[in-house]
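Colleague: Hi, could you walk me through a model? I'd like to look at a few charged side chains.

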Amino acid sequence: MANQRFLIKSGKAISRISLFKRCAFASLHIFAFLLNGCATPTTLRVLDAETKRPIGGAVALAEWTSTGGFPGLSHTDTAKVAEDVSDSEGKLTIPGAIGFNALRRPHIKVYKPGYVGWDSRLIYLDCYKNDIKVARLVKRKDFSMKDQDIFLEPWDDDKHSYISHGKFIDDRVDFSDVDMSGDDSKYRRVIDYEIPFRVREHDLLP
């Protein structure tokens, strides 16, 4: 009887060790999978919000960030940046990420002159009538980082303000953290389209 109890206990111990080994083995596989890259590219289709027709030439900027430091002294760094321009069918591609960036959803901005900028986190509604420098924003809830359509709203001078919109489309990406110069950014070059209009609005302010 004593031997039976010993064998049962030994069997349970061996089962626990075996389970631990299987979990550890699976964890190593997952870790290696992350390091080698697991996220697949995402295709977005850019459409006119009114006509529902594809928009070519829209520029997308995707930024992955990482947080470092200690609690209360943490800081956010740019881990990866990617850009793409939509084709005649309105399609653009956000590449997959590798390592721990694959677990993070990038912050994506899309812009084309003549349209309101699109942001994966916020929606620009318009400006406040009593202060056109301040944008009215709401949190976006319809973006899932899966293949999907995004809609750009045509610009309306009576509704929108270039001053408030300029702050909304600004990327604030620290390109010094990645192998890319901010001067090479297609997104930064295309949003400069609005600079003369912002200057004109500033000149008209009371």
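Colleague: What is the relative accessible area of K159?
Modeller: K159 has a relative accessible area of 31%, so this residue is partly exposed (buried means under 20%, exposed over 50%, partly exposed in between, with a 1.4 Å probe and protein chains only). Keep in mind that this is a predicted model, where local features need pLDDT of at least 70 and side-chain atom pairs count only at pLDDT 80 or more, while totals for chains, interfaces and linings use all residues. Residues are numbered from 1 along each chain as its sequence is written, and side-chain values use heavy atoms, leaving out hydrogens and water.

Colleague: Got it. Which residue does K159 form a salt bridge with?
Modeller: The partner is E153, with the closest N and O atoms 3.2 Å apart (a salt bridge needs a side-chain nitrogen of Lys or Arg within 4 Å of a carboxyl oxygen of Asp or Glu). E153 is partly exposed too, at 28%.

Colleague: How many salt bridges are there in the whole structure?
Modeller: A search turns up eight. One of them joins D149 and R45, whose closest N and O atoms are 2.9 Å apart. D149 sits in strand β9 and R45 in strand β1 (residues 42-48), so this pair ties together parts 104 residues apart in sequence. Helices (H or I, at least four residues) and strands (E, at least two) are DSSP runs, numbered from the N terminus.

Colleague: Nice! What about the exposure of D149 and R45?
Modeller: D149 is partly exposed at 31%, and R45 counts as partly exposed at 33%.

Colleague: Okay, next one. What does K109 form a salt bridge with?
Modeller: K109 pairs with D119, and their closest N and O atoms are 2.7 Å apart. The two are 10 residues apart and link distant parts of the chain, with K109 in strand β5 (residues 107-111) and D119 in strand β6 (residues 118-119).

Colleague: Is K109 buried or exposed?
Modeller: Buried, because its relative accessibility is 6%. D119 counts as buried as well, at 3%.

Colleague: Changing topic: where is E194?
Modeller: E194 is in the loop between α3 (186-191) and α4 (195-204). With 1% relative accessibility, E194 counts as buried.

Colleague: And which side chain does E194 make a polar contact with?
Modeller: That would be the side chain of Y111, at 2.8 Å. A polar contact is a pair of N or O atoms within 3.5 Å; within protein, one must be able to donate a hydrogen and the other to accept it, and residues adjacent in sequence count only if both atoms are side-chain atoms.
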